[in-house]
Amino acid sequence: MTEFRSIVAATGEPQGEPLAISTTADVAAACAAAAAAFDTYRATDRETRAAFLERIADEIMAIGEPLIEAYIAESGLPRGRGEGERGRTCGQLRLFADVVRKGQWQQLRIDPALPDRAPLPRPDLRLRMIPVGPVAVFGASNFPLAFSTAGGDTASALAAGCPVVVKGHPAHPVTGALIAAAITKAVKDAGLPEGVFQHLVGPSNELGAALVQHPAIMAVGFTGSRGGGLALARLAQAREVPIPVYAEMSSINPVLLLPEALKARGEVLGAAFVGSLTMGAGQFCTNPGLILAVEGEGLDAFVTAATTGVSEAKPQTMLTTGIAAAYAKGVAALQALPGVETLAKGEEGSVTTGGAILFQTSAAQFLADKAAGDEVFGASSIVVRCKDEAELLTVLEGLEGQLTATLHMDDADEGAAARVLPVLERKVGRILVNGWPTGVEVCHAMVHGGPFPSTSDPRTTSVGSMAIDRYLRPVSYQNFAQGLLPAELRDDAFGDGAPRLIDGTLTLN
Ligand code: NAP
């Protein structure tokens, strides 16, 4: 296959002209260009790099309506979501511009020489973070803007000083091409080498595999399936020079309904839960796929309200027919599990759509069959009824790593919350109180990550300013004359606005 087509999500039909598929020669050329651009790009000063990121945001906004139209057609997601995601994408680029300007990401450290120290003198030691090298980014299907071509992985890698080679997601090639053109224009207008950003397209595992295996690539950012993330991680580990793969994969995001909150507002919580479950056809990595609570009237009220909400839910267009099929298969697998009861089913989905569904089971059954906790990507969730708090804790202990956990609680639930928190901290990356996990703020204190299999590296986040750390590594300079030191580590750079740890004391400016 040398060509492929953009598919309209709502119909499953192709649109527009056939699109060329990138070849392995294109992969080699893109990686070589990225490697050639690396030293020039990483040498850019903070202001140049920040202005470049802002320029990308401006260029994306300048595309205007054609971008939103392509987004709606290729994803099946509504206009409001598309416009919101575009705002988030540009906001993310501007946030990283601000991060780059402030300079904290460089983590500058200076331990001045102690020539008179006994028994041995200490040499002058200075440290900074440098970018790791060209980064391969795999665009995600479920965020065609905010987690794709110019999404969080690309923004954080470019902010770090790494050239980026994107493997665009085949579910939104027109959207991806428009964004890629905007970035390419920003690269040119900023006077940067072409290799700072490259875009490869095509529906084939070979393309992504060749990219990850190319010796010029030094790290990978990925959002998608567990199978895909693990396949890429294996390829990256098997290279002559292994590299890290930062993969965000699967999570069912447990929601704990604590007893007093359930007693006070079980029905309200049930209705609100359905809103979070069905948003965007449930195609969020933070979708609430597991509800945990202790038996009682409050839980009954929650289940009644949630059952009503899910029964009334209309099927929604899914991102691709492949994802709709995977959803139908995952739902059928849960339905077939012994001891798993279907509480409510929205109107049936089709080849292109998915209908919401709610299951229920006992904690004992959930613990007995690991498959009941498998992620089903879409608007599917399971209520697990626990006999008591001890059983609830046992269920929590048995869970795989997760992106989020949510507590619905009142003041009188504080004791119970304090007892589950140590377990949750071990299991998840973000713990929320009295909210819903869908909706991920892009800010400095956000963690969108967590223990395996939610991600491949629990020390990192793919959303928020800390995402830049994935693409940096420390270098220490010992006994360097001032003239040979990188500019930001010289004595005359103090006062440039970047914080420094001088002899162990944080010094601002
Ligand atoms: P995917 O199948 O994991 O694909 C994501 C990207 O990785 C695509 O560009 C794909 O390329 C590439 N890829 C996947 N496996 C590969 C392999 N073995 N070798 C090389 N490249 C590989 O994810 P998807 O297409 O977005 O959706 C499929 C399923 O992923 C969903 O049903 C859902 O379960 C899950 N998903 C999870 C999240 C999340 O946030 N956790 C988000 C989206 C999807 P090609 O397709 O071109 O080969």
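Guide: Let's start with a term: a polar contact is a pair of N or O atoms within 3.5 Å; within protein, one must be able to donate a hydrogen and the other to accept it, and residues adjacent in sequence count only if both atoms are side-chain atoms. With that in hand, look at E248: an N or O atom in its side chain is 3.4 Å from a nitrogen atom of the ligand. K167 brings a polar side-chain atom to 2.6 Å from a ligand oxygen atom, while S204 uses a backbone N or O atom, 3.0 Å from an oxygen atom of the ligand. The protein covers 84% of the 860 Å² of accessible area that the ligand has on its own (areas come from the Shrake-Rupley method with a 1.4 Å probe; for residues, only the protein chains shown count as cover).

Keep in mind that this is a predicted model, where local features need pLDDT of at least 70, side-chain atom pairs count only at pLDDT 80 or more, and totals for chains, interfaces and linings use all residues. Residues are numbered from 1 along each chain as its sequence is written, and side-chain values use heavy atoms, with hydrogens and water left out.

Now for the shell. There are 24 residues around the ligand, and S141, K167, N205, S225 and M249 come nearest (a residue is near a molecule or strand if one of its heavy atoms lies within 4 Å of it). Sorted by class, the shell has 12 nonpolar, 10 polar and two charged residues; here Ala, Val, Leu, Ile, Met, Phe, Trp, Tyr, Cys and Pro count as nonpolar, Asp, Glu, Lys and Arg as charged, and the others, Gly among them, as polar.

Which elements give two or more residues to it? They are α7 (205-213), β8 (219-223), α8 (226-238) and α11 (321-335), and α8 gives the most, with three residues. Helices (H or I, at least four residues) and strands (E, at least two) are DSSP runs, numbered from the N terminus.

Finally, the ligand lies between two domains, because domain 1 (21-112 + 122-249 + 459-471) and domain 2 (254-433) both give residues to its shell. Those bounds come from an automatic or database domain assignment.
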